[in-house]
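I opened this entry to look up how two chains sit together. My notes follow the order in which I checked things.

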Amino acid sequence: MELAGAIVTLLGSLFLFLGALGLFRMPDIYNRMQAGTKATTMGTLLFIAGLAMGFHETIGVSKVIIIILFVIFTNPLSSHALARAAHKAGIPLAKETVMDDLAADEAKEDSAMKGTQEGEEL
Amino acid sequence: MKKIKHAILSFLGLMLIWVMLTPPDMQEIVAGLIVSVLVVLLTLGMEPVLGDIRLTPKSLLYGVLYVLVFLRELLVSNLDVARRVIDPKLPIKPGIVKVRTKLQSRIGRTILANSITLTPGTLTTEIRGDYLYIHWIEIRHEDLEGATRDIVQKFEKYLEVIFG
């Protein structure tokens, strides 16, 4: 059982490593976030599950389940907040990017707002 | 009605977490009971988000199915990102697409947005009204309908039953 736990923990750290590599290789903040969120969620999950399998007498399986739930709930929230903040701050997307619906809609709203303001001035 | 449901569900949730965290002992359970009741009472004024959960046998079944679908997507997503990261050519074709959701409840939308973030190549960037703006690492459909079909619907059909 301890060996199985060690293998799962190793797999988890492998995913975490790939996440770090993704941060390094991706061209812009949004793509980095993609690598960062998914790989770290899975990595942390496997890592903790492996610990539970190998050392369940000292940690307790129920605590591990709670940690996993918290990670699943909070990890995407933080990257969602970061991506939203980045887009609001006007951080450009990578040159490979093919489209940006959000920027298009924002531009539309801006021009609509400008239109009403000008209308009011008249 | 929604408020009562929210209060009961959050009390049960808090109690469950407490019991899982502490060793089984009468004193601990009584302490947990008191604190859980206090927390529920103090947060009564807040938005009753848990009140939207439906507690029918069908929705419970869909809840279990949803967890399975979610775990599978999480695994696929990791292998997908791992493949892209290792590939020397770095095969990405990123962009932000707009999709539409039918879900009305706040908790349903939150869970949908979170699930989308944890599935292959998609990252929720913004929610406005019924529309979600999603950063997609490899754009396969540029139009609203195609993107909605690819990204949202696999989760929505379950969440719709659970939360409405």
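I count two residues as in contact if their C-beta atoms, placed from the backbone, lie within 7 Å. This is a predicted model: local features need pLDDT of at least 70, side-chain atom pairs count only at pLDDT 80 or more, and totals for chains, interfaces and linings use all residues. Residues are numbered from 1 along each chain as its sequence is written, while chains are lettered from A and ligands numbered from 1 in the order in which they are written.

**Interface.** I looked up the contacts between the chains first. On chain B, 31 residues are in contact with 36 residues of chain A. I then asked which elements of chain B each supply at least two residues of that side. They are α1 (2-21), α3 (57-86), β1 (95-100), α4 (106-117), β2 (122-128) and β3 (131-136). Helices (H or I, at least four residues) and strands (E, at least two) are DSSP runs, numbered from the N terminus. The largest share, six residues, comes from α3(B). By type, the side of chain B that touches chain A has 18 nonpolar, nine polar and four charged residues. Here Ala, Val, Leu, Ile, Met, Phe, Trp, Tyr, Cys and Pro count as nonpolar, Asp, Glu, Lys and Arg as charged, and the others, Gly among them, as polar.

**Strand pairing.** Strand β1 (residues 99-100) of chain A pairs with β1(B) in the parallel sense, over two bridges. Two strands pair if DSSP finds at least two bridges between them. I noted that A:Asp100 has B:Ile96 as its bridge partner in β1(B).

**Chain B overall.** I found six helices and three strands in chain B. From the N terminus on, they run α-α-α-β-α-β-β-α-α. The radius of gyration, taken over C-alpha atoms, is 19 Å, well over the 15 Å that the globule rule (2.2 Å times the number of residues to the power 0.38) gives for 164 residues, so chain B is more spread out than a compact globule. Its C-alpha trace spans about 60 × 35 × 30 Å along the principal axes.

**Domains.** The domain assignment (automatic or from a database) gives chain B domain 1 (2-52) and domain 2 (57-162). I read 31 Å between the C-alpha centres of domain 1 and domain 2 of chain B.

Among contacts in chain B with a separation of 6 or more, 74% join residues 24 or more positions apart. Leaving aside neighbours within four places in sequence, B:Ile134 is in contact with several residues, including B:Val97, B:Ile116 and B:Ile151.
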